[in-house]
Structure formats: structure tokens, C-alpha cells
Amino acid sequence: MASSLCEKISLSKVLSKKTVIELRKIARGFYVKGSSTMRKEALVSSVFSALLVPERLEELLYVIDDETWTLFQAAYEKESVTLNGSLPDNFMLLKELCYLVQEPNSYEQIIYMTGEIKALFSELISGGYLHRRQYYNELHTYALAAVNLYGVIAKTDFVEIYNLQNEQQTSIDEVCAVLPRYIEVGAPYCFWKDYIVSIEFDENNFSDVQDLLRQVGNKPRFLPDKTDFLKYADWYFFEHTHQTEGVKRYLINHLHVNEATALEILGEIHFAFVVEAGIQAAVDVLDEFGISITDSQFEPLAQLLVQMSNSTRLWSNNGHAPDEMANLMPRMVDGIRHSRKIGRNEPCPCGSGKKYKKCCGR
């Protein structure tokens, strides 16, 4: 695995070219004691030892972006890597810590890894790091999908879903140890009490979480198979139904929006419906895109939007769309079948607190 470039430029040489200030910054990041009073030679030695602690590199590699991870692997496998485009997001972090090195005074972006770091990464690989990284990333992807589809999920339910769909089993303790790595670097979810919740709730100090939990009540959870469930890890994913297609065709054919913009608008409207912001919020989305509608256009568009809203998976319905919940209703309330017709102005038996006509009876 060693290369001529690695042999020529060791980690010690790379560190010796750092300034005392740069070395102290690295030392403080690794909690090296006494670094503030060390001379450069001692700093180089201390930072060298700190960088070669396997657990430190492992923790860092869990949370770097995919492009930087690909570059890191390429630098490990090759003598050097030449980049033509822009550098990936987390490259500078790895460069500052000397886990990757950019050849100085080069007209090209030549990236390499010193022999000591290659040996360190080899040690991680032999200890099962690649499997752990894949597994932890999958837990993170499950958390993304869960909060995008449900808004909030109990840690116990999250573990149950993962274990149901995967051969390798997890636990609450493991989830609580793994996911904070991703939360610390900006994952769009966080922990709140015994739940994993969308970071959207942070805007009002999580005061809406209890309200959402009350609306969900004991409604059955919508749970697709693993392949379809993980599609929801993409914030912009939504199911393309004949209802969404109807809105898209209206945007294109009557409001003269191009297809790419129509899909972008649909995504924004979809999220407005997920949190039950209402038809006006959908109209506001159009306004944000600079699209005005006439009085004659409003009614047919509003009808299409209502149909889309009724087919959108809601956080308050545990991932079910209102149309689905209406079909489930006779079978679901407290496990008792209700044959009596429900009045449109009666409280909805799904437990949302809304009138039937404004909830499952729409």
C-alpha cells in the first residue's frame, strides 16, 4: 500500500511545515494537555501521536460527506488523486488535520495520504470499520425517513421498525449512541425526550410535538417495505399519484410553468400539506414563485389541490393520507367496529380533535 510519494513525505514532515498556531489548534481539538506551552518540536510529536489514535479518525470518517469519503478512499488506494473540479465539502477539515495532504505549489489539485495515515486506515478496515460505517449510515437514513414521513417517532417504535426490516438488529442504547454523530453535524432531526423528531419543531422550542402526538393518538402507522420506506429519507421525495399529476398538468398547461419548476412547486406544496398548512399555503407557494392566478383559474386549481391534500401522507395521521384514514376508520377506533354513520359536525373518531367533515370525512 505504500507509495513513493508517501515515503518521500511523511506525516512528521507534513506537521513540521505547520505553524505553531496551526499545531496548537489541532492539539486543542484533540485535547492534548499542555499544548499551550509546548515548543514546536514537542507540538509536532504530540499532534503526531494524537492523529494516530484510531478512534479519532473513525469518529471523523462517520460524518464526512459522501464526496469527501470517496476522495479519502481514493487517496488510500492510490499514490495520489488529481481533482479537476471543486474540492468536496469536508476536504479542508481533513487537510487541516493532515489526514489528507494537498501537494503545495501545484497547478493541479493533487491529493495524497501519508504512509502513516494509510497504515492507520488499514487498521480500521481490519477491525470492521467499513461494515460499521455502512450500518451506522443506514440507521441515519432510517431516522431521516422516519422524521420526514411521521414528524415524530418514539425511539422504541424506531427500533422496532428497523429490526422488522433488517437482519442485523439494533437497540435504543445503540441508536442513542450512533445518531448524535449525525445530529452534531446538522442532521434535520434531533432527540426530544423519548422521541426522534423533525428539527422543524425546534423553531418553537418543540411546543408543537405534544400537540402532534395527541393528533396521532392510537392511529395505525403507515409502514411500507424497506425500499419504499427509505425513499422518504430524501426531504424532496413525495409519491407521484394521479392527484399530484393533476396539479402538475394544471401548472404546465394553464399557468404555463415548465416541468422542472412545476415539480419544484409540487414539492413545496406537498410539505405544506404534510403539516396541514391548508390550501392558502399552497396558493402562497405559487405567489413565492411569481405565479399569479386569475379568479377563473382559482376554483379548478383549488379542487385539484384539495384532491392532492386528501392523498398526502400526514404527520398527524401517522403517515396515512386522509383518504386512506377514512377507509381505515370503521375498523380502527379503539379496535371496535363502528357501523353508525358519523355526523359531519361531530368530533372525528380518529382523535385529531377536528370535526369529522374537516378531517377523515373530507
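1. Helices (H or I, at least four residues) and strands (E, at least two) are taken here as DSSP runs, numbered from the N terminus. On that basis, the secondary structure of the protein amounts to 18 helices and 6 strands. The model is a predicted one, in which local features need pLDDT of at least 70 and side-chain atom pairs count only at pLDDT 80 or more, while totals for chains, interfaces and linings use all residues. Residues are numbered from 1 along each chain as its sequence is written, and side-chain values use heavy atoms, with hydrogens and water left out.

2. Some overall values come before the details. Of the 362 residues in the protein, 46% are buried, where buried means under 20% relative accessible area, exposed over 50%, and partly exposed in between (1.4 Å probe, protein chains only). The protein exposes about 19,100 Å², and carbon and sulfur atoms supply 50% of that area; the accessible areas come from the Shrake-Rupley method with a 1.4 Å probe, and for residues only the protein chains shown count as cover. Contact means heavy atoms within 4.5 Å, and among contacts between residues at least 6 apart in sequence, 61% join residues at least 24 apart.

3. The antiparallel strands S5 and S6 are joined by 4 bridges, and Phe191 has Ile196 in S6 as its bridge partner. The two strands form a hairpin with 2 residues between them. Lys193, in the loop between S5 and S6, has a phi near 55 degrees, a positive value in a residue other than glycine. Most residues other than glycine have a negative phi, and most peptide bonds are trans. Lys193 counts as exposed because its relative accessibility is 58%.

4. With a relative accessibility of 68%, His256 counts as exposed.

5. Leaving aside residues up to four places away in sequence, His140 touches Leu179, Tyr182, Ala187 and Tyr189.

6. In helix H10 (residues 155-165), the buried residues include Lys155, Phe158, Val159, Ile161, Tyr162, Asn163 and Gln165. Their cover includes H9, S4, helix H11 (172-184), S5, S6 and helix H13 (226-231).

7. The other open sheet to be noted has 3 strands in the order S1-S3-S2, and its pairing is antiparallel. S1 (81-83) and S2 (101-102) are its edge strands, each pairing on one side only. S2 pairs with S3 (residues 109-112) in the antiparallel sense over 2 bridges, and the bridge partner of Gln102 in S3 is Ile111. Helix H6 (residues 66-77) packs on this sheet, touching S1 and S3, and its direction makes about 140 degrees with that of S1.

8. Helix H5 (residues 54-63) and helix H8 (residues 115-126) pack at an angle of about 80 degrees, with their axes 10 Å apart. The two helices are therefore roughly perpendicular to each other, a label given to angles of 65 to 115 degrees, whereas those under 35 count as roughly parallel, those over 145 as roughly antiparallel and the rest as oblique. In this contact, Pro54, Leu57, Glu58 and Leu61 in H5 meet Leu120, Phe121, Glu123 and Leu124 in H8. By class, the contact has 6 nonpolar, no polar and 2 charged residues, where Ala, Val, Leu, Ile, Met, Phe, Trp, Tyr, Cys and Pro count as nonpolar, Asp, Glu, Lys and Arg as charged, and the others, Gly among them, as polar.

How values were computed
Axes fitted to C-alpha atoms, helices over the stretch in contact; angles between N-to-C directions. Pairing = 2+ DSSP bridges.
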